[in-house]
Amino acid sequence: MTSTLIHLSRVKTKIALAVDAIAPPKGWPQIGLLIAIWWGSDWLARITALPMPGSALGMVLLLLALLSGWVNPAWLRQGSASLLNHMLLFFIPAMMAPLGHRELFGLVGLKILGVIVVGTTIIMTTTALIVEFYYRLRLKTRGAEA
Amino acid sequence: MTLAALTNLPPAFWGIATLGLYGLARLIYARKRRWWSSPLLVAWLACLALAFALRVSYADYLRGTSWLLSLLGPATVAFALPIYEQRHFIRRHWPVLAVGVLAGSTVAIVSSWLLAKSFSLPPDLERSLVAHSITTPFAMTVASGIGGIPQIAAVSTAVTGLLGAVIGDGLLKYLPLRSSFARGALFGMGAHGVGVAKAYELGQEEGSIAGLVMILAGLTNVAASPLIAAALT
C-alpha cells in the first residue's frame, strides 16, 4: 500500500518536472516591454551611429535605469527570467549554419574543433590560475595587515 | 513527386518543428541531466537531422525561424536584471571579477586567433572563432562586427560550451584551485551558459561568479570589438 503511494508520488513528481520543462513562458507583458526597450535602443544605436549593437546598448541603458531607481526590477524580473531561460531556442536557427556551410563536415570542421578544444583548455587553465594567484596574493597582503 | 511536395513545406512548418523539437529536448533533459542530454545538443542535432532529411535549404529554414533569432535582441537586454540583482556582490568583489574578465578575455581572443592562424583556416572563419568563448548573442555580435560569419560563431560557441563543460571538469582535478572564484571564473570564461550551469553544481558562489564572468566578458568583448577589428587588419 505505502509502496504504491510512494510510487504514485514519484510519478507525480516526474509529471510535474515534465510539465515544468515544456510550460509556455510566463510574463508576456514583461517580455513585450523588453522587446520595446530593444527596439528603442536599436533605433538609438542606429541614429547615433554608436559602435555598439542596439541590444548591448539596451542592456547598459536598462541597467543604468535600474540602478538609478527609474525602473522597478519587479516590472521585468519574470519576463527577463523567461527570455534567459529559453535563450538557447533563439539561437538554434543560427546554429543550423551547417545547412548552408557543408564545408563544416570536412577538414575545416575538424580544424575548428581543434581550435575549440585546445583554445578552451588554454583559456580555462590561464583564467583559473590567474584568479587563484590574485586571490592568494590578496589573502597574503591582508594577512600582513592584520 | 513526394520529394517535391516535401521541399515545398510552408516556412511556418520549420518554426513549429523547431519549437516542438526544443520542447522534446527539454523533456528529455528534465528526466536525464547530463552534458550530452543538454537541450542545446539534442535540439540542435534533432533540428539538423530533420532539415537534412527533408533537404531544406538554409534560406528556406530561416524564412520560418528568423523570428526566433530576433528574440536574441530582447534576451540580451534581459541580462541587465541578473547583473542588477548581483550589484552588491559586484561592488564587494569587483577587483577579482575585473582580473578574471580582463585576463580571461585577452587570453581567449589572442589564443583563438593564434590557433586559428596556425591551423590555416580561411580569414572569415578565423574571425568567426575569435569570440567562441563568450555567450552566444555576444559572440555573434562580435563576429559580425569584425568580419566573421555570425552563424559559424553560433555553432562554434555552442560546441565550446558543450565540450568546455567536460574539459573544465577534467581540469578541476589537476589544477590547484582553492578559491571558489577561480573555479567559477574557469567555467564562466571557458564554457559560458553550459559552464554556468556546471558551476552551480559545484556551489552557489561558483555559480554566481561564473554567471557574472560570462555576462561581463560578453560585454567587454562587444565593447572591445572595434579594437579587435583594428588589431586584426
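Colleague: How many helices and strands are there in chain A?

Modeller: This is a predicted model, and in it chain A has six helices and zero strands. Reading along the sequence gives you the pattern α-α-α-α-α-α.

Colleague: What about chain B, how many helices and strands does that one have?

Modeller: Chain B has twelve helices, with zero strands. Its pattern along the sequence is α-α-α-α-α-α-α-α-α-α-α-α.

Colleague: How do I read burial? What percentage of the residues in chain A are buried?

Modeller: You count a residue as buried if 20 or more other C-beta atoms lie within 10 Å of its own. In chain A, buried residues are 31% of the 146. In chain B, they are 55% of the 233.

Colleague: Contacts can also be sorted by how far apart the partners are in sequence. What does that give?

Modeller: Take the contacts between residues at least 6 apart in sequence, then ask what share of them join residues at least 24 apart. For chain A that share is 52%, and for chain B it is 59%.

Colleague: Now the place where the chains touch. How many residues of each chain are in contact?

Modeller: 68 residues of chain A are in contact with 85 residues of chain B. On the chain A side, the elements giving two or more residues include helix H1 (2-22), helix H2 (28-48) and helix H6 (107-145). H6(A) provides the largest share, 24 residues.

Colleague: Which classes of residue make up that side of chain A?

Modeller: The side of chain A that touches chain B has 50 nonpolar, 13 polar and five charged residues.

Colleague: Which domains does chain B have?

Modeller: The domain assignment gives domain 1 (3-69) and domain 2 (76-232). Their C-alpha centres lie 26 Å apart. Five residues of domain 1 of chain B are in contact with six residues of domain 2 of chain B. The domain 1 side of that meeting has four nonpolar residues, one polar and no charged.

Colleague: Last one: where does UniProt place "transmembrane region" in chain A?

Modeller: The unreviewed UniProt entry puts that feature at residues 52-71, 83-100 and 112-135 of chain A. Residues 52-71 of chain A are 70% helix and 0% strand, with end C-alpha atoms 23 Å apart. Residues 112-135 of chain A are 100% helix and 0% strand, and there the end C-alpha atoms are 34 Å apart.

Colleague: And which residues of chain B carry the annotation?

Modeller: Among the spans that the unreviewed UniProt entry lists for chain B are 41-58 and 209-232. Residues 41-58 of chain B are 78% helix and 0% strand, and their end C-alpha atoms lie 19 Å apart. For residues 209-232 of chain B, the span is 100% helix and 0% strand, with its end C-alpha atoms 31 Å apart.

How values were computed:
Residues are numbered from 1 along each chain as its sequence is written. Chains are lettered from A and ligands numbered from 1 in the order in which they are written. This is a predicted model: local features need pLDDT of at least 70, side-chain atom pairs count only at pLDDT 80 or more; totals for chains, interfaces and linings use all residues. Helices (H or I, at least four residues) and strands (E, at least two) are DSSP runs, numbered from the N terminus. A residue is buried if 20 or more other C-beta atoms lie within 10 Å of its own, exposed if 12 or fewer, and partly exposed in between; C-beta atoms are placed from the backbone. Two residues are in contact if their C-beta atoms, placed from the backbone, lie within 7 Å. Ala, Val, Leu, Ile, Met, Phe, Trp, Tyr, Cys and Pro count as nonpolar, Asp, Glu, Lys and Arg as charged, and the others, Gly among them, as polar. Domain bounds come from an automatic or database domain assignment. UniProt positions are given in the numbering used here, feature names are shortened, and annotations may be inferred rather than shown by experiment.
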